[in-house]
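Thanks for making the time this morning.

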Amino acid sequence: MVNIDIDKLARLARLYLEKEAKEKIAPSLPKIIEYFQTIKHLGQKPGPCLPQKFPCPRRKEEAEIHKEIRCEEKFLKTLPNYQDGYFQVPHCEAGRFTPQIRE
Amino acid sequence: MKEITELSISELQEAVKKGELTYSDIFEFTAKRIIEEEKEVRGYISLFLEEAREQAKKADKERNNTLPLAGIPLAIKDNIAVKDKPLTCGSKILSNFISPYDATVVKRLKSAGCLVLGKTNLDEFAMGSSNETSYFGPVRNPIDKERVPGGSSGGSAAVVKYGGAIAALGSDTGGSIRQPAAFCGVCGLKPTYGRVSRFGLVAFASSLDTIGPIARTVEDCALILQIIAGYDERDATSVPLPTERYLPLTGKIRDLTIGVAKEFFTSALSPKIKTVIEEAITELGKVSKGVKVISLPHLPYSAACYHLIAMAEASSNLARYDGVRYGYRTQVHTEEFKKIAQYEDPLQVFYEKTRGEGFGRETKRRIIIGTFGLSKGYYEEYYGLGVKVRGLIKGDFLSAFQEVDVILGPTTPTVAFKLGEKKDPLAMYLSDIFTSIANLAGLPAISVPCKRKVDNLPVGLQIIGKPCAEKEILEVAFAYERL
């Protein structure tokens with residue numbers, strides 16, 4: 001049986017758990033972790049550690065990709081503006097919002 | 001003339017061109033169905049009917065335009081960004097968030113002329129298989145309102161079923177398009193990972209997430225996929241391969257060998273569903289090159305592997321919701337907050353309270369388990385193990401596809417269950433047992449309704465294909481639909 005310290009995990013996950021939520025969540029955790037352990041024996045099997053690549057029919061030529069990107073540019077002009085290295089997002093306060101208008 | 005709900009998108013366009021229908025007629029029909037059904041089904045979180053009505057009128061004025069989705073009312077799952085519209089993910093923490101831009105898929109659909117009717121309900125952050133964990137209330141299955149529509153794209157599947165949209169977009173991380181499609185008796189397609197851009201999709205488990213169509217017919221799924229598929233430089237995992245022509249579908253599958261994985265037919269599968277699926281396989285066997293029994297030895301471990309990886313990635317992806325820049329924020333001027341903040345770091349308390357109040361119970365459970373799987377001392381034992389098993393599952397498919405072209409099986413182990421029936425979270429996680437394997441291997445898969453029902457409820461036939469072989473699975477699905 002795995003010993004799970006729910007308070008420590010909640011702290012790590014930056015989650016405040018009320019008593020009721022803790023009582024509902026805590027009992028299910030060991031059962032779920034135990035379920036995960038059903039695949040433990042597969043860890044010993046020889047096999048690839050990383051996902052394998054499936055053979056691809058044909059990779060695109062670089063020029064072909066660039067042509068497609070240019071074509072998509074006109075569809076994708078709605079990206080939010082940048083400001084100080086961040087996306088600008090609508091300011092939300094008490095249910096109201098001010099959408100950013102792209103210049 | 002047939003009912004609007006019996007017509008495919010191309011048939012609707014044909015009827016409009018002939019003057020038998022107008023786009024406003026199609027819109028008014030869907031709006032009427034929404035008004036009739038939404039009180040009970042609750043498939044939508046937000047609706048933009050007035051805007052869509054105006055767009056339908058505009059489309060009628062420009063009836064000669066040749067856009068494939070001109071005037072067609074579609075619904076979008078509420079974890080996909082639509083500019084200037086709410087993007088809640090079925091969560092309190094994003095309940096006041098308005099998207100500042102369109103997702104690539106939405107941009108493409110809009111450029112094809114569609115009307116966006118509304119945003120559909122889902123399990124909170126797409127975490128669930130029953131659509132019971134949404135902050136906005138559960139969705140009910142339009143076929144039997146005591147039952148769940150499946151999840152997490154249950155809202156999308158439900159509205160398509162009752163005629164509240166001609167088609168919808170969903171997202172599939174472990175079966176979230178195919179499972180609700182099976183429960184509601186519609187078609188749902190999960191494309192190859194990277195085939196459709198994820199730009200604008202709120203991340204749940206980034207290495208598994210995909211966007212795909214839910215529609216009444218296989219042809220409609222193919223049409224929507226044709227529009228949304230393709231390389232996108234804004235998604236680093238987008239596949240740099242040319243998009244195939246999915247239409248027209250012929251249903252000719254004489255040169256395709258059908259594989260049937262014996263691991264699908266275990267005790268977990270309801271005996272009645274087993275019979276229905278076996279009948280479907282026999283029927284398809286007659287029109288294809290033949291049926292071959294294959295083995296996917298790691299299929300029984302796929303659900304455990306999927307949940308391990310998905311929860312770890314979710315705990316990392318959901319760390320961004322802290323109430324600082326956007327979304328729900330806890331009240332900091334309360335006596336309770338001030339009292340706790342006296343003894344602890346106020347910023348940590350602010351984060352914890354915001355997230356504790358903003359997330360629902362199931363999301364919290366998954367974040368906690370994911371945090372456990374990624375924590376020091378357990379990382380290799382859990383997340384590392386999940387990645388290794390994922391490699392083994394891919395290996396199974398690599399071997400299987402040496403012998404066959406597509407793999408058939410059931411979409412779900414049971415038919416739609418009753419609301420509140422599955423109280424044990426582990427039992428709920430096992431609903432994804434047959435679908436998550438395609439996500440782990442990044443393969444395309446489609447669920448189509450079987451000819452025969454079980455206890456008057458629909459059953460889904462799942463068809464899994466090789467990477468980027470969406471055309472093949474669509475052809476098999478189309479052949480079955482026409483049988």
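Let me start with a question: among contacts in chain B between residues at least 6 apart in sequence, what percentage join residues at least 24 apart? The figure is 78%, where two residues are in contact if their C-beta atoms, placed from the backbone, lie within 7 Å.

Before going on, a word on what we are looking at: this is a predicted model, in which local features need pLDDT of at least 70 and side-chain atom pairs count only at pLDDT 80 or more, while totals for chains, interfaces and linings use all residues. Residues are numbered from 1 along each chain as its sequence is written, and chains are lettered from A and ligands numbered from 1 in the order in which they are written.

First, the overall dimensions. The C-alpha trace of chain B spans about 70 × 55 × 45 Å along its principal axes. A compact globule of 483 residues would have a radius of gyration near 23 Å, and chain B, with 22 Å, agrees with that; the radius is taken over C-alpha atoms, and the globule rule is 2.2 Å times the number of residues to the power 0.38. Of those 483 residues, 62% count as buried, meaning that 20 or more other C-beta atoms lie within 10 Å of the residue's own, with C-beta atoms placed from the backbone. Chain B has 16 helices and 11 strands, and these are DSSP runs numbered from the N terminus, helices being H or I over at least four residues and strands being E over at least two.

Now the domains. The assignment for chain B gives domain 1 (4-251 + 410-482), domain 2 (257-300 + 384-408) and domain 3 (302-376), with bounds that come from an automatic or database domain assignment. The centres of domain 1 of chain B and domain 3 of chain B, taken over C-alpha atoms, are separated by 29 Å, and 30 residues of domain 1 of chain B are in contact with 22 residues of domain 3 of chain B. On the side of domain 1 of chain B that touches domain 3 of chain B, helix H14 (425-429) and helix H15 (436-441) of chain B each supply at least two residues, and H15(B) gives the most, with four residues.

Turning to the sheet, 11 strands of chain B form an open sheet with mixed pairing, in the order E1-E3-E2-E4-E6-E5-E10-E11-E9-E7-E8; two strands pair if DSSP finds at least two bridges between them. At its edges are strand E1 (44-47) and strand E8 (290-294) of chain B, each of which pairs on one side only. The twist averages 25° from one strand to the next, where axes are lines fitted to C-alpha atoms, for helices over the stretch in contact, and angles run from 0 to 180 degrees between N-to-C directions.

As for E9(B), five of its five residues are buried, so it is largely enclosed by the rest of the structure. E9(B) pairs with E7(B) in the parallel sense over three bridges, and Val260(B) stands opposite Leu408(B). With strand E11 (residues 460-465) of chain B, E9(B) pairs in the antiparallel sense over five bridges, and there Leu408(B) stands opposite Ile463(B).

Finally, the helices. Helix H7 (residues 218-228) of chain B lies across strand E4 (167-172), E5, strand E6 (210-215) and E10 of chain B, running at about 145° to E6(B). Why is H7(B) described as largely enclosed by the rest of the structure? Because 11 of its 11 residues are buried, including Glu219(B), Asp220(B) and Gln226(B). Just after H7(B), Gly230(B) takes a positive phi of about 140°.

Helix H4 (residues 104-111) of chain B has six of its eight residues buried, among them Lys107(B) and Arg108(B), and what covers the buried residues of H4(B) includes strand E2 (73-77), E4, E6 and H7 of chain B. H4(B) is followed by Gly113(B), whose phi is positive, near 100°.

Terms used. Buried ≥ 20, exposed ≤ 12 C-beta atoms within 10 Å, placed from the backbone.
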